[in-house]
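Please read it with the structure open.

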Amino acid sequence: MTSRPNGEPLVRLSGVNKWFGELHVLQDIDLDIARGEVVVVIGPSGSGKSTLCRAINRLEPIEKGEITIDGERLPEEGKELARLRADVGMVFQSFNLFAHKTVLENVTLGPVKVRKKSKADADKRARELLDRVGVSSQADKYPAQLSGGQQQRVAIARALAMEPKVMLFDEPTSALDPEMINEVLDVMVGLARDGMTMVVVTHEMGFARKAGNRVVFMDGGRIVEAAEPESFFTNPQSDRAKDFLSKILTH
Ligand SMILES: Nc1ncnc2c1ncn2[C@@H]1O[C@H](COP(=O)(O)OP(=O)(O)OP(=O)(O)O)[C@@H](O)[C@H]1O
Ligand SMILES: [Mg+2]
């Protein structure tokens, strides 16, 4: 997939800066993400990838700059923030499912509480989504009874149940055993093909090549380079990207 959809950006970061105390973790980040675009974020540990995702979702406040989702600036707090945050689905490295709720309950909780869906509608939609991610037979189990790959697919279904406009994935496969990585990546490739707007922090280059429209390379809190996946992997421009790729390619 190389074509990039047109139209005004769905997510826009302009002049975004964030500090943790003295540490300048996001430095002058400008990034526009189009509707249906899949942006893969890569970079060394500590470069600010997770912080970038968390800032888009306002799990982390920013000190300077602006982030808009579908033209709306993220509010500081309150009901509006809850609503806009629900537009942004997030899937983390650790699956973060509610341990004492069944798979089905995990997926229906948000739609009922935040989206005010009826239990029946939420159940119906949840079952469709669990089917889509290939775990429909696990609906009545508890998270601990599932494999890591299954839990992560439930986490994806749970995020999708909120009908988000954009999905953020922060290293969704890095806690998984190798044989489970592909079952999660396959679900993500399917989502990308269906036109979901996605920001994906991952070092899975197969995914980037298959589903990514753009790779954004971060280092030291900055976007150092951004390019189409094929061009980034075969012909990185900056020394920092070359150095980083030579390290991950040898593992
Ligand atoms: N809550 C926090 N308080 C203070 N410093 C933080 C906090 N969270 C992250 N940092 C620091 O901010 C920098 C960026 O962290 P971040 O987690 O965004 O990096 P990353 O690119 O996601 O790294 P990794 O590949 O290891 O996940 C790091 O130096 C990290 O130590
Ligand atoms: Mg991280």
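In the ligand site, an N or O atom in the side chain of Lys 49 is 2.7 Å from an oxygen atom of ligand 1. The model is a predicted one, in which local features need pLDDT of at least 70, side-chain atom pairs count only at pLDDT 80 or more, and totals for chains, interfaces and linings use all residues; side-chain values use heavy atoms, with hydrogens and water left out. Residues are numbered from 1 along each chain as its sequence is written, while chains are lettered from A and ligands numbered from 1 in the order in which they are written.

**Ligand 1**

- The side chain of Ser 50 also places an N or O atom 2.9 Å from an oxygen atom of ligand 1.
- From Ser 47 it is a backbone N or O atom that lies 3.2 Å from an oxygen atom of the ligand; a polar contact is a pair of N or O atoms within 3.5 Å, and within protein one must be able to donate a hydrogen and the other to accept it, with residues adjacent in sequence counting only if both atoms are side-chain atoms.
- Taken alone, ligand 1 exposes 630 Å², and the protein buries 58% of that (areas from the Shrake-Rupley method with a 1.4 Å probe; for residues, only the protein chains shown count as cover).
- The residues around ligand 1 (a heavy atom within 4 Å) include Phe 20, Pro 44, Gly 46, Gly 48, Thr 51 and Glu 171.
- By class, this shell has 4 nonpolar, 6 polar and 2 charged residues (Ala, Val, Leu, Ile, Met, Phe, Trp, Tyr, Cys and Pro are nonpolar; Asp, Glu, Lys and Arg are charged; the others, Gly among them, are polar).
- β2 (23–33) and α1 (49–56) each supply at least two residues of the shell (helices are DSSP runs of H or I with at least four residues, strands runs of E with at least two, numbered from the N terminus).
- The most comes from α1, with 3 residues.

- Of the residues in α5, 14 of 14 are buried (buried is under 20% relative accessible area, exposed over 50%, partly exposed in between; 1.4 Å probe, protein chains only).
- The end C-alpha atoms of α5 are 20 Å apart, which agrees with the 20 Å that its 14 residues should span at 1.5 Å a residue (the expected span is 1.5 Å times one less than the number of residues).
- Gln 151 lies in α5 (residues 148–161) and counts as buried because its relative accessibility is 15%.
- Beyond its neighbours within four places in sequence, Gln 151 is in contact (heavy atoms within 4.5 Å) with Phe 95, Leu 97, Pro 143 and Leu 146.
- In α3 (residues 103–113), the buried residues include Val 103, Leu 104 and Val 107, and their cover includes α4 (119–132) and α5.

**Positive phi values**

- Most residues other than glycine have a negative phi.
- Arg 58 has a positive phi near 60 degrees; this residue lies in the loop between α1 and β4 (64–69) and, at 14% relative accessibility, counts as buried.
- Lys 116 also has a positive phi near 60 degrees; its place is the loop between α3 and α4, and at 67% relative accessibility Lys 116 counts as exposed.

**Val 189**

- Val 189 is in α6 (residues 178–193) and counts as buried at 8% relative accessibility.
- Leaving out neighbours within four places in sequence, Val 189 is in contact with Phe 207, Lys 210 and Ala 211.
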